[in-house]
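Here are my notes on the model you sent over, point by point. Have it open while you read.

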Amino acid sequence: MKLNILAIESSCDETSAAVISDGKILNNIIATQSVHEKYGGVVPELASRAHQQHLIPVVHEAMRSSGLHKSDLSAIAFTKGPGLMGSLLVGVSFAKAMAFSLGIPLIEVNHMQAHILAHFIEDPKPNFPFICLTVSGGHTQLVLVRDYLDMEIIGETTDDAVGEAFDKTAKLMGLPYPGGPLIDKCAQLGNPKAFQFPISDMPALSFSFSGIKTAVMYFLRDNLKENPKFIEENLHDICASIQYTLIKTLMQKLKKAAKEYRIKEIAIAGGVSANSGLRQTLQEEAKKLGWNTYIPKFEYCTDNAAMIAMAAHFKYLAGEFSSIDVVPEARMKF
Ligand code: KG4
Ligand code: ZN
């Protein structure tokens, strides 16, 4: 019998289910929650309610399109954390109930590790050891990946995540949530050197992104005093300049990590790895520095269950299963 795993992701605002068969992803069904747009950020209580509404139809679709019957499943995987507690609880409870009723193992997955393991869904796959810059709405991490399940965080943010910096500066400009993809789009039409924002000076491999948010806030306030139409007249240039600063901050530390650890296998992962400026800059630096770079397909950058399924596949092979009394962890570490 093949090793078939159904995986569920519900850590933030995407409800997703995917089926993996002998290491091959069969599908990746995602229901996005639009309810948060008008609030300028994810509202946790609304997110968990939306997960409750979306989860069964999403799982149904993943099973239907896989062509498998539930009796063909070898295990059920789920995101244990990190994430929003109410959202995680919906996925964990569902996964437990399904595994228990089918009498098959449960596999817990760390969402941040799964973002990295998304690189093993398709070719080209990174060679161990590699460094992964994981950039999302909740995290900014430099991870030394020694093996599928052997990872170490060698640098991270001390305050906001880079995705948060994108989203919060977008909000200051009146753009809807999530602002990251909108800044990306506008930045493509603007001049990245039009305005200057500070690059944080952090020790070792640490990041800080709260300063740019404050800098953008004062910059907009001062310019709006003189010209109430300042944002609309300069939107592309402001977006390009913010994005340039954020990417420069990320690249500085990534280059430092690669040099310190003498590693030339470099990957990026997480929602912000969908950013076209980051993808392009990474490729340019790679040429100069002789790096082999790995950039996930767009659908595997932002939250999805295919990456949870991929991680679960490796955990199944390693014999790492969870007990039925497992509970979610909002601040789960590696
Ligand atoms: O990994 P993800 O889907 O969810 C978390 O685990 O946080 O990442 C979401 C983050 C959001 O901050 C969103 O604005 C950002 O990824 N993002 C982008 C782009 N696409 C998504 N940021 C910049 N440029 C993009 N193209
Ligand atoms: Zn994520």
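1. Let's start with Ala-7. Leaving out neighbours within four places in sequence, Ala-7 is in contact with Ala-17, Ala-18, Ile-20, Ala-77, Ala-305, Ile-308, Ala-309 and Ala-312. Contact here asks for C-beta atoms, placed from the backbone, within 7 Å of each other.

2. A word on ground rules. This is a predicted model, where local features need pLDDT of at least 70 and side-chain atom pairs count only at pLDDT 80 or more, while totals for chains, interfaces and linings use all residues. Residues are numbered from 1 along each chain as its sequence is written, with chains lettered from A and ligands numbered from 1 in the order in which they are written.

3. Now the core. The largest nonpolar core has 93 residues, and Ala-7, Ala-18, Ala-77, Ile-308 and Ala-309 touch the most other members. Such a core is a set of buried Ala, Val, Leu, Ile, Met, Phe, Trp, Tyr and Cys residues joined through C-beta atoms within 7 Å. Helix H7 (residues 230-261) gives this core its largest share, eleven residues. Because domain 1 (4-116 + 301-317) and domain 2 (125-296) both give residues to this core, it lies between them. The domain bounds come from an automatic or database domain assignment.

4. Have a look at Ala-240 too, which is found in helix H7; helices are DSSP runs of H or I, at least four residues, numbered from the N terminus. Ala-240 counts as buried because 24 other C-beta atoms lie within 10 Å (buried takes 20 or more, exposed 12 or fewer, partly exposed in between, with C-beta atoms placed from the backbone). Not counting residues up to four places away in sequence, Ala-240 touches Ala-187, Gly-190, Asn-191, Pro-192 and Ala-194.

5. Back to the two domains. Their centres, taken over C-alpha atoms, are 27 Å apart. The contact between them takes 14 residues from domain 1 and 21 residues from domain 2. On the domain 1 side, helix H3 (111-117) and helix H9 (305-317) each supply at least two residues, and H3 has the largest share, four residues.

6. Last, ligand 1. It has 18 residues around it, the closest being Gly-137, Gly-163, Gly-180, Gly-271 and Asn-275; to be near, a residue needs its C-beta atom, placed from the backbone, within 6 Å. Helix H4 (162-172) and helix H5 (180-187) each supply at least two residues of this shell. Both domain 1 and domain 2 put in at least three residues each.

Terms used: Contact = placed C-beta atoms within 7 Å.
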